[in-house]
Amino acid sequence: MNNIAKIRIENGITQVQLVRELGWTQPRIANYEAGTRMPSLNAARKIVNALNQLGAKVEIDQVFPMADK
């Protein structure tokens, strides 16, 4: 699972703002947030960068925590 939506909401970032920053479609972000799709490492880095550009101060491990074993 990921914390995209949680971090986005905590920082007052709308899904539309994130979509525009990334240049992606809304369903793509919605699927990532819902966990129905997993982003590639490259896409995950882009998401973290976009969140930071929009005012969040996060690292990849905060947005995409490692699964407990």
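Guide: Let's start with valine 63, which touches Asn2, Asn3, Ile4, Ile7, Val48, Leu51 and Val58, leaving out residues up to four places away in sequence. Contact here means heavy atoms within 4.5 Å. A word on the source: this is a predicted model, where local features need pLDDT of at least 70, side-chain atom pairs count only at pLDDT 80 or more, and totals for chains, interfaces and linings use all residues. Residues are numbered from 1 along each chain as its sequence is written, and side-chain values use heavy atoms, with hydrogens and water left out.

Visitor: Where does valine 63 lie?

Guide: Valine 63 lies in helix α5, which covers residues 60-63. Helices are DSSP runs of H or I with at least four residues, strands are runs of E with at least two, and both are numbered from the N terminus.

Visitor: And is valine 63 buried or exposed?

Guide: Valine 63 counts as buried, because its relative accessibility is 0%. Buried means under 20% relative accessible area, exposed means over 50%, and partly exposed is in between, using a 1.4 Å probe and protein chains only.

Visitor: How far apart are valine 63 and arginine 8, in sequence and in space?

Guide: They are 55 residues apart in sequence, and 9.7 Å apart in space from C-alpha to C-alpha.

Visitor: Val48 was on your contact list. What does valine 48 touch?

Guide: Valine 48 is in contact with Val58, Glu59, Ile60, Val63 and Phe64, if you set aside its neighbours within four places in sequence. Valine 48 lies in helix α4, residues 41-53, and counts as buried at 8% relative accessibility.

Visitor: What does the C-alpha trace span?

Guide: Along its principal axes, the C-alpha trace spans about 35 × 25 × 20 Å. Of the 69 residues, 35% count as buried. For contacts between residues at least 6 apart in sequence, 52% join residues at least 24 apart.

Visitor: On to charges. How many salt bridges turn up?

Guide: A search of the whole structure finds 2 salt bridges. A salt bridge is a side-chain nitrogen of Lys or Arg within 4 Å of a carboxyl oxygen of Asp or Glu. One of them joins glutamate 33 and arginine 8, with the closest N and O atoms 2.7 Å apart. Glutamate 33 lies in helix α3 (residues 26-34) and arginine 8 in helix α1, so this pair ties together parts that are 25 residues apart in sequence.

Visitor: Are glutamate 33 and arginine 8 buried or exposed?

Guide: Glutamate 33 and arginine 8 are both buried.

Visitor: What about glutamate 10 and lysine 6?

Guide: Glutamate 10 forms a salt bridge with lysine 6, the closest N and O atoms being 3.9 Å apart. They are separated by about one helical turn, because they sit 4 residues apart in helix α1 (residues 4-10). Both glutamate 10 and lysine 6 are exposed.

Visitor: Last topic: where is methionine 66?

Guide: Methionine 66 is in the segment after α5, and counts as exposed at 70% relative accessibility. The C-alpha atoms of methionine 66 and isoleucine 4 are separated by 14 Å.
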